[in-house]
Amino acid sequence: MTTTDLYRPTPAITLPGQRPPRRHAASRARRIAGYVTLALAAAALLLPFYWMVVASLKTNNDVFTIPIKWVPDPLVWRNYLDIWQRSDMTTWLGNTLLLSVVVTTLQVLTGSFAAYGFARVRFPGRNLLFLAYIGTIAVPWQSYMIPQFILMSKLHLSNTLWSIIAIQAFGAFGVFLMKQFYETIPEELSESARVDGLTEFGIYRRIMLPLSRPALASLALITFVTTWNDYVGPLIYLRSPELRTIQLGLNTFISQYNAEYALIMTGSVLSVLPVAVIFLLGQRYFVEGIATTGLKG
Amino acid sequence: MATMLRTRPRHRRLVVRNTVAGWTFILPNFIGFAALTLIPVVVLFYMAFTNWNVFGVADWVGTANFRRMWNDASFWTALRNTLYYTVFHIPLTMAAALGLALLLNRKLRGVAFFRTVAFFPYITSIVAIAVVWNQLFSPEYGPVNAFLRGLGADNPPGWTTSADWSMPAVIIVGTWRYMGYYMLLFLAGLQTIPAQLYEAAQIDGATPWQRFVNVTLPGLRHTTFFVTVMLTIESFKVFDLILVMTDGGPGQSTLVLSQYIYQKGFEENQFGYASAISIVLFAICFGITVIQFMVNKRRNS
């Protein structure tokens, strides 16, 4: 990605060999202060996750004790077996996986396709249309969820998995992200392909798609995680228990067994785990995707 | 003259061809976008002036919904709470995100690891986050109050069990969740500032604070603008975090606009009235964004 490279080491600011010794000590003090701040911030950011994992490995009575037990003793792995029997975890995970895969596929296909039209094909009304897309970023979904729900009910889509696919798959975000990326690809490339007789669709498929693999990966990962984590959409649209997603299921489980602190944490860990793995594997793409949409906005 | 006459029809043919090609590319996404975003937004403005209910019976009632809203104490509570959240969430998140970005922009070891850590809350689902933080905030046995007692607080706050402290608890969690995201945006912005500017400032004898004010902040202007717009919208529409963490309570102490729309619409089936409240939320977010764009434009010129 040409827009930003977060992996480039920052160039040294101070000129070597010109620093008086006093500054040296001062810069070392600042360096240490920097590390201390980083360590404290990291601890504050990670504490909830540490608590989640540790509590999921405790007996229920050990979750809240005075003083707090920061290391589970004894280690209780049973929670990770029990949760499958006491909840419909399998159904929830299955539904969520299905939704996430379908939404991601649709979003990547239609988003990148539309973005090419916006970035590379010149036609009257294009900019106005794109403005309509961008404008919706300032319109929170919460403000039109009611007419959207009524529309879906009229189409008999509410209380089906289709409703979630519909509301998640056509967002403006994908179009925006891909357009930003396509605009970094030199126009001459498509120009010479046009001279060679390639159609617009050919240019999209043969040139743009292969070149935009990193951006497609960003879009796919971000969409997958957003769909996996969505709570309010399923809450409004999915009423039948067998349609519940992991977020919805976990929340019903929490209200049902509200004193089973350890088991609740086990469920939370299981709901976060797939996203955590995906994030750690594809971190680069998350970071670059976010940076791309932010930079030119 | 002759060439002009010859190019014109060819030009027109090109326009037609491009229009067809352009729409072909956009259409698959646009159909979904129009049906699920554009049309609902238009319908919203009609619904707000009707008494649409669960039976789908809709009579035009003029401004009755808005007059009712004017006298609805719960609506004003929700608006006030939304502002409360916004006024604290925006500066806190902004300061934390910028501070972390400045820290990460220096040559320190472990920066890559920290960036991962900071981004993690943002990709974690709201349900898991809410339930963990509710345990951390547990007044009697939770680690947050254990820590505060350790610092010498005899009577630490009741957090989500107390009407006075539930909103601060939500604000803390909101800031914790989103600062990593905005940190990334700031970090990307910081790396577009040329290092020569810092070198020049250093040679001129500028202190670190002067370099921050005169080099960093102007260099970040575009990023700061974008972050402000996104943060404002995000704060005004705050919903799922509150829904799962406090459900608006205790009492109505954390009831926000989005949640009030949800209650009126999906719990009480008063779709017309809920649409009228939606318009207020819509107007706030849209209006503030337009104002921010205008201010930014004037400042640029």
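1. Which residues are buried in α9(A)? Glu200(A), Ile203(A), Tyr204(A) and Met208(A) are, where buried means that 20 or more other C-beta atoms, placed from the backbone, lie within 10 Å of the residue's own. They cover an arc of only 95° around the axis, which puts them on the same side of α9(A), the arc being that of the directions from the helix axis to the C-beta atoms.

2. This is a predicted model, in which local features need pLDDT of at least 70 and side-chain atom pairs count only at pLDDT 80 or more, while totals for chains, interfaces and linings use all residues. Residues are numbered from 1 along each chain as its sequence is written, and chains are lettered from A and ligands numbered from 1 in the order in which they are written.

3. Leu177(A) belongs to helix α7 (residues 172-182) of chain A, helices being DSSP runs (H or I, at least four residues) numbered from the N terminus.

4. Between the chains, 81 residues of chain B are in contact with 80 residues of chain A, contact meaning C-beta atoms, placed from the backbone, within 7 Å. On the side of chain B that touches chain A, the largest share, 21 residues, is supplied by helix α1 (residues 2-47) of chain B.

5. Chain B has 13 helices and zero strands (a strand being a DSSP run of E, at least two residues), and buried residues make up 43% of its 301 residues.

Methods. A residue is buried if 20 or more other C-beta atoms lie within 10 Å of its own, exposed if 12 or fewer, and partly exposed in between; C-beta atoms are placed from the backbone. Two residues are in contact if their C-beta atoms, placed from the backbone, lie within 7 Å.
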